Amino acid sequence: MLLTIIEDGEISSRMQASPAETRIHHAFIGGLLEHIVSLCRMAALVQQNYPWINIDLLLAGVILHDIGKIHELAYERAFRYTEVGRLTGHIGLKIVRAAIDTGMQVSPGVALALEHLVLSHHGELQYGSPVQPLLPEAIMLHHLDNLDARMAGIKAAVDKAPLTAWTEKVPGLERQILRTEYLLDPASDKP
C-alpha cells in the first residue's frame, strides 16, 4: 500500500518538491522529503533502544504523516497555504484511505493503525491532531516529528545570522537561541 501511494506520479513529484512548512521548519523546496528522510533515520536509531516497536508501522507512519502537505502548501512562486490547506489542513487521511479503498492487500488492523499515526502525529488536540496518539508507534512518531521540526528550525535560525551570538526568535519555539560555540570558545567576546 505504501509503495502504491508514494509511487503515484503526482504524489511522488509533489513530495519531492514540497516544503514541509512555510516558515517554521524545512521551509524550502524539497523540505518535506528531507524531513521524512531525517525522521526515517531517527526512527531506525531510536528503534534500537525500543526493539519491541513495530519499525515497519513506524516507518510507514513517518512517510505518510505529512502527506497532506502536498495539497496544503503551494510553492510555485512563494510559499503559501492553498485554499484546501487552509480549510482542511495537512492531515492526509484522504490519501491514505484512497489507497486502502483501492483494494490494497492490507489488513483492517494495519489500515487502522496507519490512519491513527497520520491523525495523531501532532500529539495533542490543541496542536491540530484530531486524536491523541494511543499506539506506542504513534507516540514515538509524534516525538520524533516534534524533535526534527524544532531542531531544523533552530538550524535555520543559526544559519540565517552566522555572525551573531544569539539567533532571532525561532518560530515554533518563540525564543532566541544562543550559539553553543559562543560559550565554549575561549576567544569569543563573552561578558
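Guide: A salt bridge is a side-chain nitrogen of Lys or Arg within 4 Å of a carboxyl oxygen of Asp or Glu. The model discussed here is predicted: local features need pLDDT of at least 70, side-chain atom pairs count only at pLDDT 80 or more, and totals for chains, interfaces and linings use all residues. Residues are numbered from 1 along each chain as its sequence is written, and side-chain values use heavy atoms, leaving out hydrogens and water.

Visitor: How far from Asp148 is the nearest side chain of opposite charge?

Guide: Lys and Arg count as positive and Asp and Glu as negative, while His and the chain ends are not counted. Asp148 is buried (under 20% relative accessible area; exposed is over 50%, partly exposed in between; 1.4 Å probe, protein chains only). It has no salt bridge, and the nearest side chain of opposite charge, Arg41, lies at a distance of 7.9 Å.

Visitor: With which side chain does the side chain of Asp148 make a polar contact?

Guide: A polar contact is a pair of N or O atoms within 3.5 Å; within protein, one must be able to donate a hydrogen and the other to accept it, and residues adjacent in sequence count only if both atoms are side-chain atoms. For the side chain of Asp148, the contact spans 2.7 Å, and the partner is the side chain of Ser38.

Visitor: What is the relative accessible area of Ser18, and is Ser18 buried or exposed?

Guide: Ser18 touches Phe28, Leu32 and Tyr75, among others (heavy atoms within 4.5 Å). Ser18 counts as buried because its relative accessible area is 0%.

How values were computed. Lists of a residue's contacts leave out its neighbours within four places in sequence.
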